[in-house]
Amino acid sequence: MPEDRSSTRDRILQACWRLLEQGRGGQTRMSDVAKAAGVSRQAVYLHFANRAELLIAVTRFVDARSEIDARLAASRQASTGLARLDAFIEAWGNYIPVVHPVCRALLEMAPGDEAARLAWDDRMAALREGCEAAVNALKRDNVLSGQHSAAHATDLLWTLLSIRNWEQLVEVCGWTQGDYVAEMKRVARSAIVKPA
């Protein structure tokens, strides 16, 4: 019995995810992914028009498989801007270790690989949307610092929560995940929330 289209697509995405996690970013050519998935190169192209589309789909597949919507539920349902900010930082901060292998591969590939750069930009745009929603909730509650416009506060929060900053603090400096999340909450509040 032939395999259905959605399960073939999932096999391709899973194979690409594995290649990226194994640090084999350079081996994410369509032919490499096809081989890893046990399908023909033509089958990969039936699902994804090009590498950029495949890599973007992989990052979204990782999000779906890692239940990103459930992770963000507390932030999205928060009744105050401060609660939303804290919940968003906690959700994202604790999600970074899950997606870090794929993020690291895309970051390493991005300077010379347009498809990887587009996939990275797509994910960072999604992170920025989350930061913007948290900042807008602060603004709505009139607790956004007067030192920043909403756009500048979003820029600041987005930069604070970058993958590179997490790598520096957790991997290089040896912070625990709990310390990282707690300090990002404190620093974010200090930087973009009005003093009590």
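This report walks through the helix packing, salt bridges and aromatic pairs of the structure above.

The model is predicted, so local features are given where pLDDT is at least 70 and side-chain atom pairs where pLDDT is 80 or more, while totals for chains, interfaces and linings use all residues. Residues are numbered from 1 along each chain as its sequence is written, and side-chain values use heavy atoms, with hydrogens and water left out.

**Helices H6 and H7**

Let's start with two helices that pack together. Helices here are DSSP runs (H or I, at least four residues), numbered from the N terminus. H6 spans residues 81-109 and H7 spans residues 114-140. Their axes come within 11 Å and cross at roughly 170°; axes are lines fitted to C-alpha atoms over the stretch in contact, with angles running from 0 to 180 degrees between N-to-C directions. That makes H6 roughly antiparallel to H7, a label used for angles over 145 degrees.

Contact means heavy atoms within 4.5 Å. On the H6 side the contact includes Leu 85, Phe 88 and Trp 92, and on the H7 side it includes Trp 120, Leu 127 and Leu 138. By class, this contact has 17 nonpolar, 2 polar and 2 charged residues. Nonpolar covers Ala, Val, Leu, Ile, Met, Phe, Trp, Tyr, Cys and Pro; charged covers Asp, Glu, Lys and Arg; the others, Gly among them, are polar.

Buried means under 20% relative accessible area, exposed over 50%, and partly exposed in between (1.4 Å probe, protein chains only). In H9 (residues 163-172), the buried residues are Ile 163, Trp 166, Glu 167, Leu 169 and Val 170. Gly 174 follows H9 and has a positive phi, near 80°.

Ser 145 sits in the loop between H7 and helix H8 (150-160). With a relative accessible area of 8%, Ser 145 is buried. Beyond its neighbours within four places in sequence, Ser 145 touches Ala 191, Ile 192, Val 193 and Lys 194.

**Salt bridges**

A salt bridge is counted when a side-chain nitrogen of Lys or Arg lies within 4 Å of a carboxyl oxygen of Asp or Glu. The structure has 15 salt bridges by this rule, including the ones tabulated here.

| Pair | Closest N to O |
|---|---|
| Asp 69 and Arg 76 | 3.0 Å |
| Arg 117 and Glu 114 | 2.6 Å |

Asp 86 in H6 and Arg 189 in H10 (residues 177-192) link distant parts of the chain, 103 residues apart. Asp 86 is buried at 18% relative accessibility, whereas Arg 189 is partly exposed at 34%. Arg 117 and Glu 114 are separated by about one helical turn, because they are 3 residues apart in H7. Shared partners also join Arg 60, Asp 63, Asp 122 and Arg 123 into one salt-bridge network.

**Aromatic pairs**

The whole structure holds 2 aromatic pairs, meaning rings of Phe, Tyr and Trp (its six-membered ring) with centres within 6.5 Å; planes under 30 degrees apart are stacked, over 60 edge-to-face and the rest tilted. Trp 17 and Phe 61 have ring centres 5.9 Å apart and planes at 90°, so this pair is edge-to-face. Trp 17 lies in H1 (residues 5-21) and Phe 61 in H4 (residues 51-65), so the pair ties together parts 44 residues apart in sequence. Both Trp 17 and Phe 61 are buried.

Note on methods. Angles under 35 degrees count as roughly parallel, over 145 as roughly antiparallel, 65 to 115 as roughly perpendicular and the rest as oblique.
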